[in-house]
Amino acid sequence: EAVAAARKDGRPVFVDFTADWCPTCKVNKAIAVEIDDVRKKLREINAVALIADNTLSPQSIALELRRYGRAGVPLNLVYPAEAGAEPIVLPTALTRGIVLEALGKVAALPKTSLK
């Protein structure tokens with residue numbers, strides 16, 4: 001619902017599916033997600049950053065993980081502002097460059113559905 005609301009407002013969305021018990025998630029956060037360059041890019045493109053916390057394995061998150069072919073976290077999605085466009089599915093192990101490139105791609109897409 002939060003993704004749909006942000007996209008309705010014409011904003012790209014970055015979703016970090018993570019869990020407290022996930023070591024790969026912690027590494028991704030430290031080197032590629034919760035870093036100054038990514039924060040700056042998110043602000044620059046007026047994106048919404050969301051966390052999908054899978055620590056307690058809620059059914060809603062499990063369904064989204066399966067939808068994108070993942071058995072578990074981490075999963076990172078970058079949604080264009082265009083409401084019907086599919087998200088960019090990032091690889092399991094992230095780098096600063098991978099995240100910034102995906103954010104740059106969605107920022108460059110036209111926002112044809114905005115009113």
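**Close-up views of a predicted model**

View 1. Threonine 18 belongs to strand E1, which covers residues 13–18; helices (H or I, at least four residues) and strands (E, at least two) are DSSP runs numbered from the N terminus. This is a predicted model in which local features need pLDDT of at least 70 and side-chain atom pairs count only at pLDDT 80 or more, while totals for chains, interfaces and linings use all residues. Residues are numbered from 1 along each chain as its sequence is written, and side-chain values use heavy atoms, with hydrogens and water left out. With a relative accessible area of 6%, threonine 18 is buried, where buried means under 20% relative accessible area, exposed over 50% and partly exposed in between (1.4 Å probe, protein chains only). Leaving aside residues up to four places away in sequence, threonine 18 touches Cys25, Lys29, Ile51, Ala52, Asp53, Asn54, Thr55 and Val73, a contact being heavy atoms within 4.5 Å.

**View 2. The salt bridges of lysine 29.** Side chains of opposite charge can pair when their charged atoms come close. Lysine 29 forms a salt bridge with aspartate 16, and their closest N and O atoms are 2.8 Å apart; the term stands for a side-chain nitrogen of Lys or Arg within 4 Å of a carboxyl oxygen of Asp or Glu. Because lysine 29 lies in helix H2 (residues 23–33) and aspartate 16 in strand E1, the pair ties together parts that are 13 residues apart in sequence. Lysine 29 counts as buried at 17% relative accessibility, and aspartate 16 also counts as buried, at 5%. The side chain of lysine 29 meets that of glutamate 34 in a salt bridge as well, at 3.9 Å from N to O, and glutamate 34 is partly exposed at 43% relative accessibility.

**View 3. The pair of arginine 96 and aspartate 37.** In this salt bridge, the closest N and O atoms of arginine 96 and aspartate 37 are 2.5 Å apart. Arginine 96 lies in helix H5 and aspartate 37 in helix H3 (residues 36–44), so the pair ties together parts that are 59 residues apart in sequence. Arginine 96 is partly exposed, with a relative accessible area of 41%, and aspartate 37 is likewise partly exposed, at 35%. Elsewhere, salt bridges that share partners join Asp16, Lys29 and Glu34 into one network, and a search of the whole structure finds seven salt bridges.

**View 4. Lysine 105 in helix H5.** Lysine 105 is found in helix H5, which covers residues 96–108, and counts as partly exposed at 46% relative accessibility. The C-alpha atoms of lysine 105 and proline 80 are separated by 8.3 Å, although these residues stand 25 residues apart along the chain.
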